[in-house]
Structure formats: structure tokens, C-alpha cells
Amino acid sequence: MREVVVGLGACGIAAGGIPVYDRLKELIDPQKDQAVLKQTGCVGMCYREVLVEVREQGKRTLYGDVTKERVDRIVEEHLRAGKVIEEWKVGEENEVLAKQKRIVLRNCGKIDPFSLDEYLGVGGYQALVKVLNELKPEQIIAIIAESGLRGRGGAGFPTGTKWKYAAAAKDQHKYVVCNADEGDPGAFMDRSVLEGDPHSILEGMAIAGAAIGADHGYIYARAEYPHAVRRLRHAIGQAEEKGYLGNNILGKGFNFSIRLKEGAGAFVCGEETALIASIEGRRGMPRVRPPFPVDSGLWGHPTCINNVETLANVPWIIINGAKAFNIFGTGNSKGTKVFALAGKIKRGGLVEVPMGISINEVIYDIGGGTISGKPFKAVQMGGPSGGCIPAALGDTPVDYEKITATGAIMGSGGMVVMDTDTCMVDVARFFLNFTQNESCGKCTFCRIGTKRMLEILERICAGKGEEKDLLTLAELAEQIKSSSLCGLGQTAPNPVLTTILYFRDEYQAHIKDKKCPAKVCGALVDYVINSELCTGCGLCLKACESGAISGEKKKPHLIDPSKCIKCSKCITVCRQGAVEKR
Amino acid sequence: MTEATARTSEGTVLSPFSKMLWRHHGEPGMLIPLLQAAQDAYGYIPSLAIEQIAEVTAIPASEVFGVITFYKQFRLLPLGKYVLRTCKGTACHVSGAELIAQTVEDELGIYPDETTKDGLFTYMVVACLGCCSLAPVVMIGDQAYGRLTPEKVRKIIKQYRRKKEQAA
């Protein structure tokens with residue numbers, strides 16, 4: 001029986017995956033066509049969504065950019081006439097996958113996330129079986145410690161050490177918490193794993209529970225991820241029904257149940273003590289550590305908090321052994337890392353690479369360079385806590401310490417690529433605006449300091465920057481970093497500091513020359529209509545509220561710079577792309 | 001609203017929120033799920049729901065209110081029929097989210113966190129929808145729309161308006 005598989009991760013659905021799936025369902029006759037229709041999670045090549053894969057004996061064909069309209073031809077030609085449609089095939093798949101190593105994403109895009117049988121079919125829950133049959137808690141912890149696995153949420157704390165502390169804590173109740181509150185803008189690794197392979201997370205949590213002696217688990221998932229929440233809920237129900245979760249698991253006397261908690265939209269809840277407060281039903285504000293959650297966490301009990309990607313590694317390590325994992329990577333950074341490649345990249349999507357590979361390799365060899373063909377200028381890593389690494393440092397390997405040395409952080413895995421059309425001052429302003437909004441308000445320096453920094457950056461972008469601003473920014477940054485309780489405040493200034501460090505000339509251009517070299521900051525550019533592209537349709541003239549645009553019908557229009565208020569309305573209405581910022 | 005009666009009179013159809021209230025036996029950490037259920041049932045959190053939640057959980061109403069205002073998900077005002085979220089994540093930002101947001105504001109004639117007069121749209125700006133490779137992205141209800149241009153956004157909004165007219 002052949003299989004026709006549609007990628008229905010959130011990206012696939014957003015790109016129109018449901019109509020494609022429905023049309024296939026309408027057309028395919030399982031008997032006549034000898035084919036069954038299936039769905040799977042994120043395949044990773046988001047830039048070619050919707051992806052449809054045809055699996056035949058020993059052969060697989062991947063079609064990209066499938067639309068509802070294209071489905072008919074795929075069914076007619078491929079399924080019924082046995083002819084592969086070469087021009088719709090994703091030809092570069094091997095190129096994209098060549099430098100990848102898939103451990104976390106081993107099942108994503110392969111299995112149906114709603115099917116426990118398919119997960120079992122690829123060796124699912126075998127690690128849990130092995131743990132309960134053969135391993136003592138300290139042996140589990142020893143394997144994880146030997147593998148060198150570090151927390152993939154951003155900070156990179158050794159997972160084995162965390163488990164050891166949690167195991168050593170004495171209490172009747174202990175908890176395992178999966179941090180699935182992926183809040184970094186520009187990051188979607190955890191979402192893809194939760195959507196594509198939910199059982200691997202449950203299995204990882206159960207193993208963690210067995211290792212530290214916990215009987216309850218919580219998954220704290222972002223409410224903005226409706227598909228992930230639905231699939232997790234479904235998976236928990238299945239696992240309970242088949243006895244992989246619940247009481248007396250596999251008859252070994254091990255009890256472990258998992259509850260799903262939906263977040264309510266607060267970035268700071270990714271911080272572990274804030275996350276605990278949120279699960280307990282309070283305002284999600286961080287508290288002073290120590291005591292660390294491994295000693296006193298949820299409702300005062302020892303709590304081991306691990307990130308989604310960390311937990312997804314666990315079953316693989318148990319089955320394949322620590323050595324199979326730590327042959328990948330560098331001195332202190334073992335295994336693989338998943339990155340969400342986005343921004344001005346040609347082949348955006350989800351990639352998993354062995355640690356130690358260079359940033360350039362990820363961007364050029366896997367990502368295919370920039371989508372505009374313009375030079376790659378910088379890559380933003382680590383979201384609002386991270387920084388911008390300039391193209392000149394593109395040889396930096398993917399390694400916790402080496403990336404920290406640049407001023408950015410490994411972070412959870414967002415990699416937003418920027419080309420020469422991106423203004424770095426604007427990027428810094430963007431991130432600070434984000435952290436300023438998300439600051440919980442507990443620490444004065446984080447609450448007010450970020451506000452002051454943001455005001456300065458807004459002034460610079462508006463062409464009112466002053467020479468002393470850079471010094472003030474650096475000063476405020478130091479104070480915020482040293483006087484904030486949690487990671488949010490301690491790292492909030494990073495995007496500003498790294499852009500000042502590597503792109504000082506761009507700040508200077510804004511401050512001294514009152515110019516935005518990337519032509520982004522509205523106040524520092526002129527809006528001009530390209531007379532070669534303008535058809536004189538008059539749409540911009542109608543839209544302009546300040547009466548700055550003039551021109552006769554069917555003749556190129558003009559913008560009067562003295563009246564233009566740079567609101568961009570003309571750009572949003574022009575169908576020719578004739579309004580340019582110069 | 002019939003919440004209070006729904007809790008006492010048998011045979012009354014209970015919303016999931018009422019059921020949760022009814023079954024609540026003081027389990028810890030139920031405040032946020034209760035608020036989420038109330039919001040699911042009404043589209044926002046009415047003041048009566050705050051009182052009821054405070055009563056069954058024995059958490060002071062002021063504290064319940066504090067939790068509501070801390071989280072962005074919770075709303076104290078009714079929502080429009082469709083919630084339109086424009087994404088302002090990093091990837092969307094560098095791919096022109098500003099222009100998309102501007103277009104939405106123009107087309108709907110409202111600012112973020114407002115609802116159109118006809119009650120059709122509530123417009124919000126969110127940090128990241130996680131569909132970064134399709135940037136820039138707008139989400140209406142549960143449906144995401146990616147790789148947008150100002151023109152496409154206008155078209156999509158018009159489709160929703162037409163849907164409403166057809167239904168009327």
C-alpha cells in the first residue's frame with residue numbers, strides 16, 4: 001500500500017494544508033489507487049509548504065508548494081499513471097539535509113502525531129521500557145550525565161547534574177515540568193516537536209520522573225500554539241489508555257501522570273520560578289533563587305524543569321547510549337541543536353545540526369543564503385536575550401561558550417537572518433520594545449531601565465539622537481544586567497549591546513548624519529515614487545491624508561517631501577511597488 | 001446571565017465553565033484554567049465570573065483581578081466575532097510586519113486592542129505566532145495567513161466581511 005502524507009504542522013496549515021488534505025481525501029480511493037492518505041507534523045522545509053510526500057516501496061517523492069489546485073494532477077499523474085511530476089519535486093532536499101543530523105526531529109515529518117501505533121512503530125516508548133526493566137535511577141542519571149546533554153532552553157545547564165540534584169532532594173512528592181512556553185519571537189523549534197512528535201516528550205518526562213523519583217508531571221505550553229496543545233492532549237489520553245502513563249506503568253510499580261497547563265500569554269513565564277508561580281495560578285513573577293526549584297519548586301516540592309528539546313533527546317540517548325550522542329559536538333557542547341531559520345533566508349525552516357558546525361554552514365549550505373540575494377549582514381541568535389552576530393563572525397561554531405563569547409547566546413534556537421536591508425538600530429529598538437512590554441515589573445531596573453533605553457533608541461530612530469546617547473545606553477545596560485532578578489532583565493540589554501559593538505557606524509549614521517543606511521527608519525528617509533514603475537492609477541493620491549501626492553491620471557505621480565508625513569500609507573496601497581524609501 | 005442558576009438547578013445546560021465551577025473542590029492551581037474556561041465561554045471575563053471564581057476558590061476577587069491583568073490572554077471586554085492578530089515577531093518584523101499592521105489599521109479603522117463598530121473584528125498585535133518561515137503573518141481566529149502583502153491583507157479582510165454579509 002502506498003502512502004500519501006501531508007505535512008500538517010502549524011506552518012503547513014497556515015500555508016493551506018487543510019484544503020490540500022481535504023482535496024486528496026476526496027480524490028483518493030484507497031482500493032482503486034492502492035494508497036492511503038496520512039498526515040504528519042513539521043517536515044522542516046517550511047519555505048516549501050504545503051509539502052506532500054508519496055511513499056512507495058523503497059521510494060519517496062516529496063512535492064513542495066502544493067496547492068489545492070495542484071492536487072488533481074498529482075493524483076492523476078503520479079498515483080494513477082505512475083509518472084513523477086519532476087517540476088514540482090523538492091529537488092534540493094538532499095542539499096538541505098546533507099549537513100543535518102536528526103535526533104530531536106527524528107520522527108517529525110515522518111509519523112502521524114495523532115497515532116500512538118506509528119510512534120510505537122518507530123521504537124517509541126522502548127526507552128521507557130528499558131529504563132523500567134533494566135536501569136536504576138542512578139544509572140539513568142549517569143547515562144544522561146555522560147552524554148553531555150545540556151538544557152536546550154537557552155541557559156545550557158547540564159541536564160544530568162540537574163537530575164542528580166532533583167533525585168537527591170528528599171520529599172514524598174516531586175515534580176517533572178516540561179517548559180513548553182516558547183516565547184522568543186522568531187523561534188518555533190519546540191512548537192514543531194510538540195506538534196510533530198508529542199509522545200517523545202511524554203516519554204522523556206516519564207524517564208525523568210523515574211530518574212528523580214517524581215510521580216507527577218506538568219507540561220506548561222503556550223496558549224498561542226493551539227495545534228500543539230490539541231495534539232499533546234490527545235497523546236496524553238492515548239498514553240494513559242495504553243498504560244505508558246498513569247499508575248503502575250508497564251506493571252513495574254512506577255506511577256507517573258502528566259497534566260497539561262496552558263499558559264496565558266506572558267513571556268516571563270519561560271523563567272522557571274515565574275513558570276512555577278503561573279502553574280500555581282498566580283501572577284507569573286520570578287522570585288529570588290536559591291532555593292532552586294530542584295529543592296523547592298511547585299507547591300514547595302522538589303521540581304525538575306526541562307525544556308521540550310532537552311526532553312526529546314532523552315529517549316534517543318537511553319536507546320542509543322551516551323557515546324552515540326556525545327560523538328557529535330565540541331568540548332562542552334554535545335549532541336545536536338535545533339534551529340528555527342527565519343528572516344531573510346532563502347530556505348527558512350527547522351534544521352537540526354551537530355554542535356560545532358559553523359553559522360555560515362547553517363546559513364549558506366542549509367539555508368541557501370539570503371532570499372533577496374543581497375549580502376547576509378547579521379544573524380540574530382537567542383531572541384530578546386541574545387544578540388546580533390555580524391557576518392564577519394560567521395565562522396563561529398555552534399557551541400555554547402563560543403557563541404556567548406560574541407555577546408549573543410545559544411538561546412533556545414531562533415536564528416533570524418538579516419540582510420543589508422535590515423537596520424540594526426531598528427532591530428535593537430524592536431527587541432527592547434519587546435522586553436520592555438514583557439518585563440513583569442518586579443525589579444526597578446528592568447521595569448524603568450528598559451523604558452529609558454527604549455526611549456533613547458526611539459529618539460535615535462527618529463533622527464533626534466545625541467552623541468552621548470551611546471554612553472548612556474551602555475551605562476543603563478550595565479545597571480539593568482546587574483540589578484535584575486531573572487534572566488529577562490539580566491539579558492534584556494544584549495541586543496542593544498551587540499548591535500552597538502558590531503554596528504557602531506550605523507548608530508553614528510543615525511545620530512550624526514541623520515541617515516538610516518538600510519532605509520528603514522521612516523523619519524530618516526525620503527519617500528519617492530519611481531516614475532518608471534508608477535502607472536498613475538491614483539490609489540496613493542486617494543490614500544494620502546496629508547495631501548503630499550499629486551499627479552494626473554495615467555501619469556507618474558509625485559510626492560512633495562515638505563508635506564509628506566512618512567506614514568507609509570502610499571506604500572501599502574501601491575500595487576506596482578513604485579513608492580520607494582530613499 | 002444564568003451562571004448562578006445553572007449551578008443550582010438540575011437539568012440546566014451547563015457550559016464547560018459552569019461545569020468546572022460546579023466540580024471545583026479546591027484543587028490547587030485551578031485559577032488560571034477557570035479563567036480560561038470563562039473566557040472560552042463568554043469571549044471575555046465578565047465581572048460576575050470573577051465573583052463566582054473568587055467564591056469557589058476562596059481567592060479574593062482583587063487577587064483574581066490581579067492575575068487577569070497580568071496575562072495578555074485575558075480580556076475584560078467582549079471580543080469581536082473574529083480576532084485578528086498581526087504578528088510582530090522578529091522574522092515578521094524584518095519582513096515588513098509594520099506595513100501589514102498599518103494596512104490592517106487602515107482597513108479596519110481601529111487601533112490595536114480595539115473592536116470594530118460592527119463587532120466583526122477585534123484587532124491585536126502579538127509577539128510571535130511561531131509561523132516565522134511564512135512571515136509576515138496574520139492570524140484570524142485559528143487560521144493563519146502567511147507571506148502577506150498589504151494587498152493580500154485587504155483581500156482577506158474583505159473575504160471575512162463578505163462572509164458576514166452572506167450570512168446576514
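Predicted model: local features only at pLDDT ≥ 70, side-chain atom pairs only at ≥ 80, totals over all residues.
Local features were kept at pLDDT of at least 70 and side-chain atom pairs at pLDDT 80 or more, while totals for chains, interfaces and linings use all residues; side-chain values rest on heavy atoms, with hydrogens and water left out. Residues are numbered from 1 along each chain as its sequence is written, with chains lettered from A and ligands numbered from 1 in the order in which they are written.

Take the helix pairs to begin with. Helices (H or I, at least four residues) and strands (E, at least two) are DSSP runs, numbered from the N terminus. In chain A, the axes of α18 (residues 424-438) and α19 (residues 444-461) come within 9 Å and cross at roughly 150°. Axes here are lines fitted to C-alpha atoms, for helices over the stretch in contact, with angles running from 0 to 180 degrees between N-to-C directions. That makes α18(A) and α19(A) roughly antiparallel, a label for angles over 145 degrees. Contact (heavy atoms within 4.5 Å) involves, among others, Val425(A), Leu432(A) and Gln436(A) of α18(A) and Arg447(A), Leu454(A) and Cys461(A) of α19(A). Sorted by class, this contact has 8 nonpolar, 3 polar and 5 charged residues, where Ala, Val, Leu, Ile, Met, Phe, Trp, Tyr, Cys and Pro count as nonpolar, Asp, Glu, Lys and Arg as charged, and the others, Gly among them, as polar.

The axes of α8 (residues 137-147) and α9 (residues 159-168), also in chain A, come within 7 Å and cross at roughly 155°, so α8(A) and α9(A) are roughly antiparallel too. On the α8(A) side the contact is made by Ile140(A), Ile141(A), Ile144(A) and Ala145(A), and on the α9(A) side by Thr159(A), Gly160(A), Trp163(A), Lys164(A) and Ala167(A). The class count is 6 nonpolar, 2 polar and 1 charged.

As for the cysteines, the structure holds 0 disulfides over all chains, a disulfide being a pair of cysteine sulfur atoms within 2.5 Å. For Cys446(A), the nearest cysteine sulfur belongs to Cys443(A), 6.4 Å away. For Cys131(B), the nearest is that of Cys11(A), at 5.2 Å. Cys446(A) is buried at 7% relative accessibility, and Cys131(B) is buried at 6%; buried means under 20% relative accessible area (1.4 Å probe, protein chains only).

Finally, Ser358(A) sits in the loop between β11 (349-354) and α16 (359-366) of chain A. Ser358(A) is buried, with a relative accessible area of 11%. Leaving aside residues up to four places away in sequence, Ser358(A) touches Gly394(A), Asp395(A), Thr396(A) and Pro397(A).

Key. Buried < 20%, exposed > 50% of the residue type's maximum accessible area, 1.4 Å probe, protein only. Parallel < 35°, antiparallel > 145°, perpendicular 65-115°, else oblique.
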